[in-house]
Amino acid sequence: MFLKLARPAPPAVELRPLALADGRAVDVRWVRDPRARRLRLIVTEKGARLTLPRGVSERLALSFLHEHRDWLAAQLARQPALVEAPLVRGAGDPLPLRDQAVPVHWREGRYVRASLEDEGIVLQLPERASDAQLKAALRDFYQQQARQDLGAWLPRYLPGLPRAPRQFTLRPLSSLWGSLSPSDELKLDLSLVLGRPAAFEYVLVHELCHLVHANHSRAFWREVESRWPGWREERDYLRGDGLALKGRLARLIR
């Protein structure tokens, strides 16, 4: 007789308004997640999210939100960068790639395909191609471009590491820029290829250094410093412009 393991219940989500210091009210998604270890407030392309561990009282969560109101207001002030119009078929609006606004050219063809050519990004579409097919082609395009960057950078760093990552995954991540699993699977946020290459390479170096130190100890940061002395500048760039990058990618491929 085989026992069927029950799946863990999904986190409970509740939308609540929060009054900021300037009088504005914003909606915050309260997510009660039994896997969480601490209170955490983040801003993604979907808005503000507060994660609560098991057993945390509402009073403590409200106090935490109040203490972080100024930070939240500063992050939400960047929201105008997130309301750009989505890609319109046939329009000449450029697309982001490696911190550049690259011209777009539309062509008819038998297959849906996006490619980087001398004149810019070429989007080939049959007449009856759907928006979903276009978004899938853009996702494939950005993944291909990101893998080209990784292929150019990795040979510089692998010789000094104890081992290579077992697998690379490039996909949108809600709040993180990258992660390294216990099985050495390295995940990177696909939106990094939209921003400046130095920031993308820094995130790669950061995660590769976890092959040496599986933590954020002083020894880990010394390892990062030895391979990427300018890491603080790239971290600040991602803190300032990262939300916009994630938002742009979401509108293009989702």
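Predicted model: local features only at pLDDT ≥ 70, side-chain atom pairs only at ≥ 80, totals over all residues.
Modeller: Local features need pLDDT of at least 70, side-chain atom pairs count only at pLDDT 80 or more, and totals for chains, interfaces and linings use all residues. Residues are numbered from 1 along each chain as its sequence is written, and side-chain values use heavy atoms, without hydrogens and water.

Biologist: What makes E2 and E4 a parallel pair?
Modeller: Strands are DSSP runs of E, at least two residues long, numbered from the N terminus; helices are runs of H or I, at least four. Two strands pair if DSSP finds at least two bridges between them. E2 (residues 25-32) and E4 have five bridges, in the parallel sense, so they pair. Arginine 29 has arginine 49 in E4 as its bridge partner.

Biologist: Why are E1 and E3 called edge strands?
Modeller: The open sheet has the order E1-E2-E4-E3, with mixed pairing. E1 (12-19) and E3 each pair on one side only.

Biologist: What makes the largest pocket a pocket?
Modeller: On a 1 Å grid over the protein atoms alone, a pocket is an open set of points with protein on both sides within 12 Å along at least five of seven lines. The volume is the space filled by probe spheres set on the points, which are joined across faces, edges and corners. Here that volume is about 1200 Å³.

Biologist: How do you know which residues line the largest pocket?
Modeller: Lining residues have an atom within 4 Å of a point. The largest pocket has 35, and Arg40, Ser175, Leu176, Trp177 and Arg239 lie nearest its centre. H6 gives the largest share, six residues.

Note on methods
1 Å grid on protein atoms, 1.4 Å probe; cavity = no way out; pocket = protein on both sides within 12 Å on 5 of 7 lines; lining within 4 Å.
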